[in-house]
Amino acid sequence: MMMSIALWFTLMQLDPTFGNEGVLALEFEGYDSRFEAVSVLPDGRILAIGSRTTTEEAAVFVTLRLADGGADTSFADNGLLLLEAEAGDGLEPVAVFQQDTRFLVVVNRGFYALNHQGVLDAQFGEGGFLPLAVPWPVSLNKAVETADGNILVAGGVTRYGADEDAFFARLTSQGVLDPSFGGSGYRVFSLHGNERVSHLALPESGGILFAVDQWQPSRWTFIGRIGADGEPDETHGFAGWLDRPLSGTNIFRDHRPGGFGMDPRTGRYLVGLNGLNGLSSRYLAVFSADGTRDESLDNRIGTGHVPISHIQVQRNGGIWVVRSTLMRLYQSDGTLDPRFGSNGTYYAPVQPRAVHLTEDRRILLPGYADADGRKARLARLTALPCNPLGTVLLSPQDSFCLTVDTRLTVTAAGAESYQWFHNGMVIAGADSAELSLVAEDPHVAGTYRCVVRGDCFDDGVVLETVVTTCSISAVLLAALPAWQGDQPDANLCENGNPSIVDFVAFINRGNACPTAE
């Protein structure tokens, strides 16, 4: 048995240049603690947040570490800032974001803003803290940053002393509620019980995917989608809420959500479901972008005895599934990735709360270890091996007017996968290096994008072109300068008595003269 444990630790791939043999321990004597989230700064320093708790109080810590895990002494008090609420009003960490001149820390009660030296920004809210400006007590537990720099938060709200309801809000980077969301910057959805939003994701095609955990009067997991305006989205194939008022969702009874991961490029998402009626009911449910269930991947990843605690999908489609300290990395087809740990399986020295892949493909695992209580630990693993993409080209490269059936073609050295999009939506089955366009298709015009990936865990390469449809007059006008050359009264394919037939032949050859037989 001892040899088995030693073997696992040999395969753990802890980064010896970080912390103490790959693990940073943050000690708060007499307290339970955990790391919750991390953000890597452009210079390689690591910004992390977490919690420090007892049975009577809860506080949030913010720490800035050097790339090797050492404390950045220029930040706060020797690299550490403690945020404490008034007695009886405990704080819980949610997320941390980098902004141009400050860091924004989201907690369950609102937002803290601090400068890069760890000093609270007195111009933000009241002394650096800004509660959410809604008329009821709110408890936030998820936050994501949108493409335009706004912050979307979600959790639960208790109105009029009644049940807790699902809550969403969108704020500007300055912490001001965005009135274009829900009319007042927030939305509340009542599902006739005690529930709160447990997970959020932002598909590239728009809208907001979410999971809701309801624990009274019975246990339900709701999966739904709302639009960017906060209104329920029923356009993506989601089932209704049965007799419940909010449409656009799928529901699972006697399950609680144990993770939520989404591929932002394809829109496919996975939900960890921890059943209450036996160990075998702890599994993943997989959905395509239109909300339909995809059970093929469910079967590949399978069930497990340990509850699912975290799911994350990488840009290349890799899927992290965390069950306590057990981590597995699956490829997009559901097979284990042999590059990670021992054939895709790894026992971490922490119980990860998240999986953060750095730009150089090293893996940060914020979480905790059970050692006389829960103790905050941040582990870093060595980089995953991969073969970067070579030169990637799209032909035709420039935007063009479609007059005849055409193929968009990608040439990419080392490419392992392709995915085409039309106006931001995935083109079903368009997963090869070529995409055929039919000139007579009335919907063919628009922006075409191809995401090309190798086997690295990055965004891949995105190629884009704009295709328009044009009338014959537009085609003629576009070709005329090349036909006439520098002499408006002449043409470049002079054959004695050129006709319109010759001109059309010139166009069909891509504005080129016929070659001699």
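The following conversation concerns a predicted model of a protein chain.

Reader: What are the conventions here?
Author: The model is predicted, with local features requiring pLDDT of at least 70 and side-chain atom pairs counted only at pLDDT 80 or more, while totals for chains, interfaces and linings use all residues. Residues are numbered from 1 along each chain as its sequence is written, and side-chain values use heavy atoms, with hydrogens and water left out.

Reader: What pLDDT does the chain average?
Author: The average is 82, and 82% of the residues score at least 70; pLDDT is the predictor's confidence in each residue, from 0 to 100.

Reader: Where is the pLDDT below 50?
Author: Residues 1-12 fall below 50, and this stretch has 11 contacts in the model beyond near neighbours in sequence. Residues 237-248 are also below 50, with 42 such contacts. A contact means heavy atoms within 4.5 Å. Where pLDDT is low, the predicted coordinates should not be read in detail.

Reader: How many helices and strands does the protein chain have?
Author: There are four helices and 36 strands. Both are DSSP runs numbered from the N terminus, helices (H or I) of at least four residues and strands (E) of at least two.

Reader: And what share of the residues is buried?
Author: Of the 517 residues, 49% count as buried, that is, under 20% relative accessible area, with exposed over 50% and partly exposed in between (1.4 Å probe, protein chains only).

Reader: Which residues have the most contacts inside the largest nonpolar core?
Author: They are Phe111, Leu132, Val153 and Phe167, in a core of 24 residues. Strands that each supply at least two residues of this core include E6 (93-98), E10 (138-145) and E13 (186-189). A nonpolar core is a set of buried Ala, Val, Leu, Ile, Met, Phe, Trp, Tyr and Cys residues joined through side-chain atoms within 4.5 Å.

Reader: What is leucine 132 in contact with?
Author: Leaving aside neighbours within four places in sequence, leucine 132 is in contact with several residues, among them Phe111, Val138, Leu140, Phe167 and Leu177. A second, separate core has 18 residues, including Phe400, Tyr418, Ala430 and Val467.

Reader: Changing topic: what is the strand order in the open sheet of four strands?
Author: The order is E21-E22-E23-E24, with antiparallel pairing. Two strands pair if DSSP finds at least two bridges between them.

Reader: Why is one side of E21 and of E24 left without a neighbour in the sheet?
Author: Strand E21 (310-313) and strand E24 (345-347) stand at the edges with a single partner strand each, so one side of each has no neighbour in the sheet. The twist averages 15 degrees from one strand to the next, where axes are lines fitted to C-alpha atoms (for helices, over the stretch in contact) and angles run from 0 to 180 degrees between N-to-C directions.

Reader: How many bridges pair E21 with E22?
Author: Four bridges, in the antiparallel sense, join E21 and strand E22 (residues 319-323). Histidine 310 stands opposite valine 322 in E22.

Reader: And which order do the three strands of the other open sheet follow?
Author: That antiparallel sheet runs E29-E31-E34. E29 pairs with strand E31 (residues 406-412) over four bridges, and serine 395 is opposite threonine 409 in E31.

Reader: Where does aspartate 431 lie?
Author: Aspartate 431 is in the loop between strand E33 (425-426) and E34. Not counting residues up to four places away in sequence, aspartate 431 touches Tyr418 and Gln419. Its C-alpha atom is separated by 6.9 Å from that of serine 417, 14 residues apart along the chain.
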